Amino acid sequence: MSISANFEYKEAEQKWYQYWLENKFFESTPDERKPYTIVIPPPNVTGVLHMGHMLNNTLQDVIIRRARMRGYNACWVPGTDHASIATEAKVVAKLKAEGINKDSLTRDEFLEHAWEWTHKHGGIILDQLKRLGASCDWSREAFTMDEIRSESVIKVFVDLYNKGLIYRGYRMVNWDPEAKTTLSDEEVIHKDVNAKLYYLKYKIEGSEEFVTVATTRPETIFGDTAVCINPADERYSHLKGKKVIVPIANRAVPIIEDDYVDLEFGTGCLKITPAHDINDKAIGDRHNLEVIDSLNDDGTLNDHAMHYAGKDRFVVRKEIFKELEEKGLLAKVEDYNTSVGTSERTGAVIEPRLSDQWFLKMKEIAKPALDSVMSDEVQLIPEKFKNTYRHWMENVHDWNISRQLWWGHQIPAWFYGNGKEDFVVAENADEALKLAQDKTGKSLTADDLTQDKDALDTWFSSWLWPISVFDGIRNPDNEEINYYYPTQDLITAPEILFFWVARMVMAGYEYRKERPFSNVYLTGIVRDKQGRKMSKSLGNSPDPISLMEKYSTDGVRVGMLLTSPAGNDLPFDEDLCVQGRNFSNKIWNALRLVKGWEVADGEPTEAAASAIKWLDERFKKTMVSIDESFEKYRISEALMTTYKFVWDDFCSWYLEAIKPAFGEPIDRKTLEVTLDYFERITVILHPFMPFISEEIWHLIKDRKEGETLCLQAWPVAAESDEVLLSDFDQAAAVVNGIRNIRASKNISFKDQIELVAPAADAIPTAFEKLIVKLGNLSSIATEGAGDGPGFTFLAGKYEMFIPAGDAIDVEAEKEKLRADLEYQQGFLISVSKKLSNERFVSGAPAAVVDGERKKQADAEAKIKALEERLAAMS
């Protein structure tokens with residue numbers, strides 16, 4: 001069989017992925033096997049593959065491929081998320097570029113554009129995941145706004161409303177002026193910023209006196225409805241019952257008293273703006289204050305702001321500063337460090353705003369979700385995230401689930417009157433009409449009903465994902481939900497632990513009375529060499545597709561996985577992909593070497609026979625280590641163990657041990673065993689490197705059409721012979737010592753040399769012939785270490801000697817031995833001094849003292865050996 005000089009990875013990747021799909025190796029249907037289920041964290045339909053996706057989905061693919069090989073009915077469900085805010089923003093931008101304003105369209109017209117955009121762009125990231133080698137069951141592809149998922153979302157909303165868990169309330173919410181929608185608390189990112197603290201002068205009505213109020217947001221004065229003081233603040237006791245004039249607005253507002261005011265902050269006077277601050281709203285409610293909203297949806301000021309109407313809030317902040325200063329209403333301005341909330345999606349500064357919104361009560365449904373993680377029924381990996389999870393769940397707020405968007409699941413509430421309670425909640429318009437008729441006792445028609453314009457928060461669909469992908473909401477007792485649920489592993493990023501993970505756990509217990517998954521593997525953040533998070537804005541994030549083109553998909557997968565411990569950040573360096581590609585080349589070249597040998601009948605040599613026995617035991621131990629790493633979700637360690645077995649044990653030691661002499665054939669039995677091991681190697685490599693492993697598996701021997709490495713059995717770990725492995729380690733130490741002497745003394749590796757091993761057990765009997773071959777020795781003697789010039793080295797605890805004959809500069813070698821002796825003698829003096837110090841011996845831990853005594857004994861032994869060598873050379 002002719003094997004190309006290089007692994008043609010581009011051709012192989014396309015060939016084998018198509019082969020896997022055509023043979024439906026990734027597809028799963030319920031059967032008698034135990035299921036192993038993973039649901040993909042659905043990427044945004046707007047998205048393209050980035051390094052975070054690369055890491056996350058490679059990890060999922062490794063886990064699901066191994067499960068498939070272990071005999072499980074492996075099912076990896078793919079899909080995408082409709083991503084309300086992000087997708088609507090993309091469509092609005094597209095329309096704007098075409099000269100179309102969203103506000104000029106009806107909802108249905110806008111949704112036509114949104115669906116067109118989704119159908120055009122929505123499959124990009126899934127196609128890129130296929131390029132990555134993702135072994136998803138593509139026949140199960142789901143979308144959070146397809147028919148099954150949409151009906152499930154609406155059904156859950158109605159159910160939770162009927163249970164009293166969803167309610168409509170007029171409350172302070174987080175407003176994103178760029179997206180023009182509310183956000184949940186979890187979608188607000190708080191950032192420390194350098195700001196200004198403005199001290200404004202409010203004139204006391206009917207006098208020439210002023211009080212000074214400190215604020216970071218002077219543009220909100222148009223919404224002021226009071227100034228508040230602490231009742232215990234003696235500085236302002238004379239102002240009780242009086243009013244002040246709001247600067248520029250020239251409105252008289254009362255001075256009120258409330259314990260909320262901090263006597264130490266600012267001036268001790270607080271402007272109260274109930275429409276634009278959650279704490280001000282609470283104070284306003286206690287004192288029955290008027291609410292004046294001075295902001296528009298887009299962050300500009302409205303008519304309450306007088307001549308500033310229509311201007312952006314931050315523009316007004318700069319301009320109002322000048323006007324206040326000109327009118328003598330600005331006492332001073334100070335630099336001030338503060339924290340501002342920003343939109344997780346758009347980056348816009350959030351405005352607190354009063355609004356009628358829909359909320360989901362969280363306390364009740366959060367409890368079982370908290371208990372399950374605290375008891376490890378749902379295990380977070382790494383465990384350090386448990387405390388973060390507990391803190392959030394114990395302090396959870398009601399979830400604002402409504403968004404002022406058109407793209408998304410429209411809230412299934414219908415209004416039939418002008419009152420705040422004049423609405424019904426139903427799964428469709430026909431049911432809503434009947435409910436409204438029953439509620440009012442009137443013969444209402446469909447024209448009397450208007451559906452709520454808002455859409456549901458994107459996460460309100462994705463929190464049902466492990467259930468809804470198996471149609472478990474609409475059909476809670478169907479075969480698939482009963483078979484595949486609960487799923488096994490969820491691999492995701494820590495930043496959506498609360499957005500998504502916690503809420504999925506809540507939904508699982510609410511609708512299935514059990515956990516949605518057993519383990520949550522939380523990946524780290526992919527960072528560049530400078531420690532910065534990779535992002536498009538910084539320009540420090542490589543394109544994964546380009547990396548795969550350059551280094552092969554297997555090479556990039558290995559590069560990503562080599563340094564990706566759970567929960568810890570990944571310091572990505574493109575050199576890791578080079579290392580991955582080099583590993584592929586190493587494996588490919590090993591195959592070409594083995595397949596290039598001539599074969600003859602005969603029995604294995606003693607060296608080859610001992611190497612075969614050793615590799616068998618080494619493989620057993622390796623499998624124990626790999627499986628343990630997988631059980632602990634240490635995927636990086638599992639790969640590194642596999643990497644070392646292939647590169648060091650198989651290529652560097654085993655193949656060298658069995659390799660026939662130049663021009664000589666290899667015996668058939670050794671070759672068959674070697675190819676069998678190569679086949680085992682492809683099995684354990686496959687989860688990490690699916691393409692090259694499949695290619696090599698087919699090159700090792702002829703395969704039938706429809707056969708695949710994907711479905712080969714994962715090796716079963718077994719107990720290894722530790723004595724044999726230890727003997728080999730000693731043999732390897734001897735060989736490495738010989739090679740080091742050859743390299744350092746310029747002794748050709750082609751020339752045979754003699755080895756003297758004075759200690760009887762220094763050369764393990766089982767590997768003597770192997771040492772002779774790999775060291776290219778003429779013989780191994782047990783006597784003669786002191787006869788004539790030569791070189792010594794330590795192999796383990798044993799001193800070895802190589803007679804040098806005429807190939808040594810005796811004086812130069814003596815000088816090196818004397819220098820080494822002097823160093824060892826000095827080291828012995830320092831250790832002996834420490835051990836002669838009674839305070840150290842009595843005060844230090846026993847292990848430390850024992851360690852120093854071992855150093856002393858080792859130094860003494862080395863000194864003795866060096867002195868003997870010098871004496872023998874004199």
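**Ground rules.** I am working from a predicted model, in which local features need pLDDT of at least 70, side-chain atom pairs count only at pLDDT 80 or more, and totals for chains, interfaces and linings use all residues. Residues are numbered from 1 along each chain as its sequence is written, and side-chain values use heavy atoms, with hydrogens and water left out.

**Sheet.** I traced an open sheet of four strands, in the order β6-β5-β14-β16, with antiparallel pairing. Strands here are DSSP E runs of at least two residues, and helices are H or I runs of at least four, both numbered from the N terminus. Two strands pair if DSSP finds at least two bridges between them. β6 (181–183) and β16 (399–400) are the edge strands; each has a single partner, so one side of each lacks a neighbour in the sheet. I then checked β14 (residues 351–360) against β16 and found two bridges joining these antiparallel strands.

**Leu360 and the core.** I listed the contacts of Leu360 (heavy atoms within 4.5 Å). Leaving out residues up to four places away in sequence, Leu360 touches Leu160, Leu165, Ile166, Ile365, Asp398, Trp399, Ile401, Phe460 and Trp463.

I next looked at the largest nonpolar core, which has 193 residues. A nonpolar core is a set of buried Ala, Val, Leu, Ile, Met, Phe, Trp, Tyr and Cys residues joined through side-chain atoms within 4.5 Å. Buried means under 20% relative accessible area, exposed over 50%, and partly exposed in between (1.4 Å probe, protein chains only). The members touching the most others are Leu360, Tyr389, Phe460, Trp463, Phe572 and Met800. Helix α20 (residues 635–658) gives the most to this core, 13 residues. I noted another core apart from it, of 28 residues, including Tyr198, Val246, Leu295 and Leu301.

**Phe728.** I located Phe728 in helix α23 (residues 722–744). Phe728 counts as buried because its relative accessibility is 5%. Its contacts, again without residues up to four places away in sequence, are Trp614, Trp653, Phe767 and Leu770.

**Cysteines.** How many disulfides does the structure hold? I found zero (a disulfide being a pair of cysteine sulfur atoms within 2.5 Å). For Cys136, the nearest cysteine sulfur is that of Cys75, 9.4 Å away. Cys136 is buried, at 1% relative accessibility.
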